[in-house]
Structure formats: structure tokens, C-alpha cells
Amino acid sequence: MVVQNNSRRSFLKVSAATGGGLMLGLSWLTSCESDKAKKANPELVMPAEWVTVNAFLKIGDNGVVTIMSPNPEIGQNVKTSMPMIVAEELDVDWRNVVVEQAGLDTENYTRQLAGGSQSIRHGWEPLRKTGAMARHLLVAAAAQQLEVDAGELRTENGVIYHDGSDRSLGYGEVASLAATLTPPEEVTLKDPADFRIIGHGKKNVDARKIVTGQPLYGLDVQRDGMLYAAIVHPPAFGMSLKSVDDSAVRGMAGIRDVVTIDARPEGLEPQWSDVNAFPKLVAVLGDNTWRVLNARKALKIEWERDSEPESSEGHRSALEALLNDGKAEEARRDGNPEAAFARAATVVERTYYAPFLPHNTMEPMNFYANVTADGAELEGPIQTPEFLRKTVSALLDMPEDKISIMMTRMGGGFGRRLYGNFGVEAALISKAAGAPVKLVYSREDDMTQGTYRPEYLVRYRAGLDEDGKLIAFHVRGTGANESPVFANRFPAGTVDNYLAENLSADTNISTGAWRAPRSNFIAGAEQSFLDEVAEAAGKDPIAFRLELFDRAKSDPVGEDNDYDAERYAGVLELVRDKANWNTGDDKRGVAAYYCHNSYVAQVLELEMKGSEPRVTEVHCAVDCGIVVNPEGALNQIEGGIIDGIGHALYGALTFTDGQPDQQNFDTYRLIRHSEAPTAIHTHFVENGIAPTGLGEPSLPPVIGALANAIYRASGERVYEQPYARPRQLKG
Amino acid sequence: MATYTITVNGTARSVEAEPEMPLLWVLRDELGLVGTKYGCGIGACGACTVHLDGAAIRSCSLPIGQVDGAAVTTIEGLSENGDHPVQLAWLEHDVPQCGYCQAGQMMSAASLLSNSPSPDDAEISASMSGNICRCGTYTRIHAAVKTAANKMS
């Protein structure tokens, strides 16, 4: 495989290294269009230069290689899998690789973002080119040194061999010379058949630090002179800060300051990531997290109402009214749906609901900030560092190049840390107090100041003819701030008469992306509904879906169908075979879904324990193209399955007069060890296609598989999440 | 404020604190041992699990005033070289995703195995269910506990 190197001059930055080795500064994710990159000098530059360039690959004289990992690590394992791709093409022994997290560096990296399961998909080719380019230069250097043609050399595990003369050189021995060479116009990538690292499970590069309790997370940041900060936000959505009397708090042991901040001043143009229902906050600063959390109770704060308080009952009736009578946006229409429904022999109509969900990352929101007149240093858990910096720059009136952001390993993200209000708050608190601070949310702060998964309501109708053929399909969905409907996804394209409609309900509850946005609801609804339609048609649920895919393969309806019917059907067939599906008489639940460019199908088995389902076994087939790191990939699939089961069974955030009714894990139920499936069997499709997302795709369909399994085990269809009624928990 | 002395990972440490300050924040903010995590503050998630005189407890809900003179083991002190069977098993099964809850999970697992060297599936499930893993690594945790039990036998 040959890849044209369109940005050769920007590709490689070289600098001399200390200690005899050499640093090849590789701007591996540099955009071809970057002005800075176009001006980059490919010649040797001095060490001072590489210090300012964070995107680099370092080769030590002993052959040890340091690979920087540019993307935020939220548990999706990119800190292991992305460097694996570089190491593969570089052709080094993975055991000699050290991985370091890069900070925010928009001059040298693009898309330093964790979201949409896109890191591997977007990084795949640039990362391979980065490794291959470095390998090419090392081989060229060895050829000079050995005075042979480069074509006579081969590499293996960081060593360059000249078999003809039985000589060899380690990468570390030629790195200095390699750095002086001109990068080639094009670079040859490995044949995937020769991969030694990609496709071979590698363990989490941070695992040893994790199991020995080393500092890794934002909450672990500690600096000399740092104060801890806790915030107080309004008790309910629709309220804001009016005044604060902090006299009882000042003077308390360990308390240093009380400040108020405003993250939404007049004139600030919010970005998409500035979702924040409570921009005006009070912050207490002191020398210990517990002291500042505790001292907040002595503040006397007056709140004022600036919009109507909302409650769950009202939310639900508003969604129902909208769904029944609202004027919808028509997102897609094929054929003549109403005429088809009129002539249908059978019409099935069902409505599905899911509540608001908090993200509940195990590590609560937090951030370190040190704002001075000269600049701002930020460090913490953030999925979108570039956007955080923009907002902080605007609020501090400070140029972006004076603001540094270091990403820590994150104790979960699930979408919450796309919205960096906590980072903004830390910066404003640091500025107001004139001190370095670490802002820490209590669990209650975290759960009650969220960017929640919206509440959703969707109605499906399906029309079948006398032979049980699907002739009409209608989906009409609404939700808080957004509709959950994807108009061009399955079963669009498989039915002649199709209508998709969107409605959105206004709310003052802040909402945002939550692992597999919209899909995390609509997949379960759609796959439950299709199960019922298959039953009405008198067909096996897998056979029924495969018939639809046959139509999409042979004669698709419309041109905008955003899935590949072959791959979609492929995962369904694979899971059918691996789970030994008993066509026509299986007692398990099945579902399939496509999102984040990957295909997943599942067969789920459960038993009823009283009224509560307990999942015992899940079979899962996945088509995400090439699996970069099978070890991490399996973990992601398993995690998504357990996450989906847990939230569908137990998750719900409800509101009374604008106040969340659940504020901690005594009232908010998350899935526990004893409630997780005892076995998950994952099967990857091997097709050699470039890799796609894995952090999200296994979650959405499992909710459908769960609902369908509940029906087969209990005889009852479930339409409302959470499927298991919430109950009080004991700690 | 009073002075308390506790033995942490084998070393005597003195701290000035209010008697109500939870052990968790003494460990993290006063002693700089940040391996023990904050998750909920009410003893409902297990992220803050440490051993107190050998038994697993939730350090977020235990005031320092009640543990004066006690011996505390945190994840940093579970073993000298990171080679406790539970730690080795966690590495072998590549358990962590985000990893944040895992210190608490391992402290619970180590405590379970010291009391019950060969727990069956039901016992593992029951005793590990006080520790939440938001990423959903439960099946791996379960397998790792079994592996650790085998290593210890």
C-alpha cells in the first residue's frame, strides 16, 4: 500500500536530543491545510524547538521509543491503541515503547477530542503514516551507514538487518543520522497481513499506575500553594444567584476565601460546549476538600427565579402533547405512507419512553487552574480541551497562546466532559481568588448540575400486508431539546412507504451528549418495535430483519440510507450462528444497530428474579473493521453492554420543581457487580476494512435485546425505561 | 482541631484535623495519598475503600476522630512492589477502563480473599457489589478475583 505524502514538509520536525538519542518530532495529525505546517522547516532544528513542539516520537540510543498520545483518555483506551498504530508502522517491539500523554497543542495535532467514537477512525491513516515515515528515514540512515541500498534492508522490532552481509543496526544507532535526512514524497505502509502489533491484544499502558494507586486523574493534581475550591449552584433549574452573605464562612478553620463568578457575562458568545444552566456561582476556597465542601453549608444565599420550575410530570405531559398534536419537521418521506397504512392488513403502533440520565462519571467534575497576569495553566479531565481553551480565553480576555491545558486521565466521560463548564469555573475562581485552585464537585454537585441525556418519547407505526410484508413505516419522535430520530437509518431504505418526523420540546434543564447520543434511546425503541412487528408478521425476529436487509441490498428505497446493508446483515447472521439461535422458537432477545460507523448485533438471555430481570449471558457480534487492540476492544464492548443494561433497567433522573430528585448513589441506582451478566461472548467480523468506532456502538442495541428478552421471559412488553422500578439502595 | 496519629501503610503519620474530617480527605489532602478515590461521600460506591486494621471500610464515611491510633492500608501500600495477587490478577485480566474505581475494587477484593481464600461466584458477587464500576468492567473484575484466589492458594 502506498500513501501519497501530501504534506511532506510539515510531516517531520527534527531536533537534536539530549543523551545521545534523537527526537523525531512528528506532527502526525497535522492538517494538510495548516499554514503553520506549510512553513515548517524539515531541516534539523535545535532542542529548544522540540520543547515547544509536543507532537513527537522520541527514539533513545538504547532503542527505547517514546510515543506521545495526543487524544484525551476517558477509558476508551486510545492512550494504548493510538500509539500501537504508530509502533506498528515504525516496526518496533511494543515492549520498548513508552507512551506519554500530550497536552493541548493545536499547532501540531488536530482533533484532540474524545467523542463520537472517532479517534481511531480519524487517526488510522495519519498515525500509520507517522510510523512509516519514521521507519523509512531510519532505514535510509542505516543504508548510508552500512553503504548498501535501502532496498536490501529489512526491519524487525526496532532493528534494521542487512541479511546479505549479516549486519544489523538498532534504531537508536541511526536515529541521529535519520533526523538529518529529507523525508520522502511518499511512504509505503505495511500489508495488514504483516501486522505484529495491530490486531494483537496489548494491555492498558496505564494499568500498572492504576493498580498501584499512582496519581493519574484530575482529582489527583496537587501543587504547592494550591487551594481547594467547592462551588454552590442554585438548588433548582430555573433559578439563579441573587446575593450571598459569606460572613459565617470567612474565618472558619482552613477557609481562605469566598468568591462569586459569572461564566456567562454580557457579550460572551457561547460555543456549543458552553452548556451550563448555572453560570453564576459562589465558590469557597480553602486548604482541604472536605473543609470547603463542609463550609458551604454556612453560606447564606438568596436565589431568585428566572424561569418556571419544571417537574417530571409536566415534562411527560408536554412530550405527549407535542407527540400527539405538535407540528413536526418532516425529516424523510418515501412513497405514500398514509395510503399504504390505509391498505395494510395489520397496523402496529407503539410508543416508547426514556427519562433524563446524568452521566455519573465515577470521578466527579474537577479541574486545576492557575491564572496569573502572565497566563493560565489548566490541568484536568476534559474531552474537548480546544473548546475549553477558547471559552477560557474569551472570559479571561487572554490570548489562547497564553493558556495551556494538560489532559489528565479521566475517571469516565460518557459525554459529560465534552462540556467543560467546570474547567471554565476553575479558571474564573483562580482569577478571582488570585491563587492556584483545584475545583472539586461533590457527587451531589455533579448529579444536580449536569448536561443530561434528554428525556425522549417516540411513536412507531408499521403496516403489514396480508403476507406479513412491511409496506409502511412511520417514526415520530420528540425529546427535551432534541428529537431522537435518525431519519436515514434502518429501517429507512427497506420499506417503500416511510415517514420520519422530528419534534423538540423546550426545557430549562440542561441537556447534552451522553454515550451514543440519541442512539442510546432510539435503538432500544426501534429494536423493541421491530420485534413486535416481526411477531405480528408471524416471523422469526432475525429472519424478519434479514428480509428487510435483503431488500436494502437488492433494491434500496431512497439514496440517503446511511448504512451498509451487507455489513448490517453480516453481524446479525454472525450472532445468530455464534449464539446457536433457534429460529422460530428462541427464548432470548435479539437486536442489531448501526452507529458511529460500526455494526453490532446481540442475543441476550435473562431470567426473571421476581419482577426484576437478571441478565445471564450476552452474545455480541461486532463489525468495526480492523480491530486495533482486541484486548481493549473486548473491554469496550463488554462495558458498553453492561452500561446499556444498567441504565435501561435502573437509570432515571426525575425533577420536582426544577430540583433533581436523585442526588447521590443512595437514590440513583447504577448497575452493580451482582446485576451484571455472568458471561459476554464477543465475536468480531474479520474483513480488513479500516477501523471505526468502538466506545459507543455496543450500548444502544443491548437495550433492545434486553427489552425483547424481558418479553420472552415474562410475557410482557416493556415500553418505559427504566425497565426495573427504581428502589432505595443501601450503601 | 486535634492531633491524630494513624499508621498508614506501615508508617506512623500525625495530622491536625477536625474530628469529623473523613479519613478519605486526611489521606488525600493532608497526607498526599491520592490513590484512594472520592466517589460519593456517603459510602455508597466503594471508590474510597481502604483497610482499617485489616478490614475493608469506606474511608469517606469514617471520621478521623474515630480511628486515632488505627492502622490503615491504602492501595499504595497493598504491596511493596505492586505484586499483590489481586494487583497481578487485575493486570492479567486488563481490568481497567477508566480505572478510577479500581483501587477501591482491589481493596475490597483483597479484603474478601483474606477472609475467604476460595470464594464461590455468589460470594464474589455479593461482596463486590458495594463497589460501583461505571465503565462496566464487572465481568473482568469477577474473573480477576478468581484468578487472584488461585494465585493465593
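Q: How far apart do the C-alpha centres of domain 2 of chain A and domain 3 of chain A lie?
A: This is a predicted model, where local features need pLDDT of at least 70, side-chain atom pairs count only at pLDDT 80 or more, and totals for chains, interfaces and linings use all residues. Residues are numbered from 1 along each chain as its sequence is written, with chains lettered from A and ligands numbered from 1 in the order in which they are written. Domain 2 of chain A covers 223-307 + 365-440 and domain 3 covers 328-357 + 452-714, with bounds from an automatic or database domain assignment. Their C-alpha centres are separated by 38 Å.

Q: How many charged residues has the side of domain 2 of chain A that touches domain 3 of chain A?
A: Domain 2 of chain A brings 13 residues to this contact and domain 3 of chain A brings eleven, two residues being in contact if their C-beta atoms, placed from the backbone, lie within 7 Å. Ala, Val, Leu, Ile, Met, Phe, Trp, Tyr, Cys and Pro count as nonpolar, Asp, Glu, Lys and Arg as charged, and the others, Gly among them, as polar. On the domain 2 side there are nine nonpolar and four polar residues, and the number of charged ones is no residues at all: none.

Q: Which helix gives the most to the side of chain B that touches chain A?
A: Here 51 residues of chain B meet 50 residues of chain A. Helices (DSSP runs of H or I, at least four residues, numbered from the N terminus, as strands are from E runs of at least two) are the elements to check. Those of chain B that each supply at least two residues are α1, α2, α3, α4 and α5. With five residues, the top contributor is α5(B).

Q: What distance separates the end C-alpha atoms of α11 of chain A?
A: The expected span of a helix is 1.5 Å times one less than its number of residues. For the twelve residues of α11(A), 385-396, that gives 16 Å, and the end C-alpha atoms agree with it, lying apart by 16 Å.
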